[in-house]
Amino acid sequence: MLIARFAVFVAALGSVVAFGAGLAGAGGKHGGEAAHVFSFGAPGKARDVSRTIAVKAGDMNFQIESLRIRDGETIRFVVSNVDEIDHDFTIGPPALQARHRAEMMEMMQSGQDMAKLHDDANAVYLKPGETKELIWSFRNVARLEFACNVPGHYEAGMRGRFHVDPLTSGPRHATQ
Ligand SMILES: [Cu+2]
């Protein structure tokens, strides 16, 4: 499982690097497909960010239960761990979250530092008091969750849903 995951991660890194090289070679041409390493989007670029959403992780919740996002929107999440224990913030569909939980459980049980599993492109792992940024360019918002996959935390309620925001259109609508 871990080996498979690592392979996927390396493949993802490879395509991001390839995408960057392609960009440089094309003089800033907008590529795209190569960077879309997930069905639900890709790491976003700071220049595309339309909104910044602050998320506080602590007390077995994120203080937010759901978020409305437009498909195509790029969001900067500023995630702060205001707790005294580790948390993570992962964007993904339920099946990916479940896999992530299983992997973190394996790591915990084998005595490895769960922080090493992170930070994946779609996740940040935070020690107590840490704040990290995650910029994500969304696709297929409808079935996505945000969740903490530290063992026991999801089950305790540390999760929420992304909902498609149908009321506004266009990926660039600055609201910050
Ligand atoms: Cu947590």
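**In which sense do β8 and β9 pair, and over how many bridges?** They pair in the antiparallel sense, with three bridges between them. One spot to look at is Ala 147, which stands opposite Arg 159 in β9. Two strands count as paired here if DSSP finds at least two bridges between them. Strands themselves are DSSP runs of E with at least two residues, helices are runs of H or I with at least four residues, and both are numbered from the N terminus.

**View 1. The whole chain, before zooming in.** This is a predicted model, where local features need pLDDT of at least 70 and side-chain atom pairs count only at pLDDT 80 or more, while totals for chains, interfaces and linings use all residues. Residues are numbered from 1 along each chain as its sequence is written. The protein has two helices and nine strands, and from the N terminus they come in the order α-β-β-β-β-β-α-β-β-β-β. Take the contacts between residues at least 6 apart in sequence: 73% of them join residues at least 24 apart. A contact means that two C-beta atoms, placed from the backbone, lie within 7 Å.

**View 2. How confident is the predictor, and where?** The score to read is pLDDT, the predictor's confidence in each residue, from 0 to 100. It averages 80 over the protein, and 72% of the residues score at least 70. Among the elements, β4 has the highest mean pLDDT (98), and helix α1 (residues 2-25) has the lowest (40). Residues 1-36 have pLDDT below 50, and this stretch has 22 contacts in the model beyond near neighbours in sequence. At the other end, residues 172-176 are also below 50, with eight such contacts.

**View 3. The sheet of four strands.** This open sheet has the strand order β1-β7-β4-β2, with mixed pairing. β1 (41-43) and β2 (51-57) stand at the edges with a single partner strand each, so one side of each has no neighbour in the sheet. From one strand to the next, the twist averages 30°; such angles run from 0 to 180 degrees between the N-to-C directions of axes, which are lines fitted to C-alpha atoms, for helices over the stretch in contact. Look along β2 and strand β4 (residues 74-81): they run parallel, joined by seven bridges. Lys 56 has Ser 80 in β4 as its bridge partner.

**View 4. The sheet of five strands.** Here the order is β3-β9-β8-β5-β6, again an open sheet with mixed pairing. Its edges are β3 (66-69) and β6 (123-126), each with a single partner strand, so one side of each is left without a neighbour in the sheet. The twist averages 15° from one strand to the next. His 87 stands opposite Leu 126 in β6. Helix α2 (residues 94-109) lies across β5 and β8 (145-147), at about 145° to β5.

**View 5. The largest nonpolar core.** A nonpolar core is a set of buried Ala, Val, Leu, Ile, Met, Phe, Trp, Tyr and Cys residues joined through C-beta atoms within 7 Å. Buried means 20 or more other C-beta atoms within 10 Å of a residue's own, exposed means 12 or fewer, and partly exposed is in between, with C-beta atoms placed from the backbone. This core has 28 residues, and Val 79, Phe 89, Val 124 and Cys 148 touch the most other members. β4, β5, β6, β7 (131-138) and β8 each supply at least two residues, and β6 gives the most, with four. Leaving aside neighbours within four places in sequence, the contacts of Cys 148 include Ala 57, Phe 89, Tyr 154 and Met 158.

View 6. Gly 44 is in the loop between β1 and β2, and is buried, with 21 other C-beta atoms within 10 Å. Its contacts beyond four places in sequence include Thr 74 and Trp 136. In the loop between β2 and β3 you'll find Met 60, with a positive phi near 60° although not a glycine. Met 60 is partly exposed, with 17 other C-beta atoms within 10 Å. Gln 63 is in the loop between β2 and β3 too, and has a positive phi of about 60°. Gln 63 counts as exposed, with 12 C-beta neighbours inside 10 Å.
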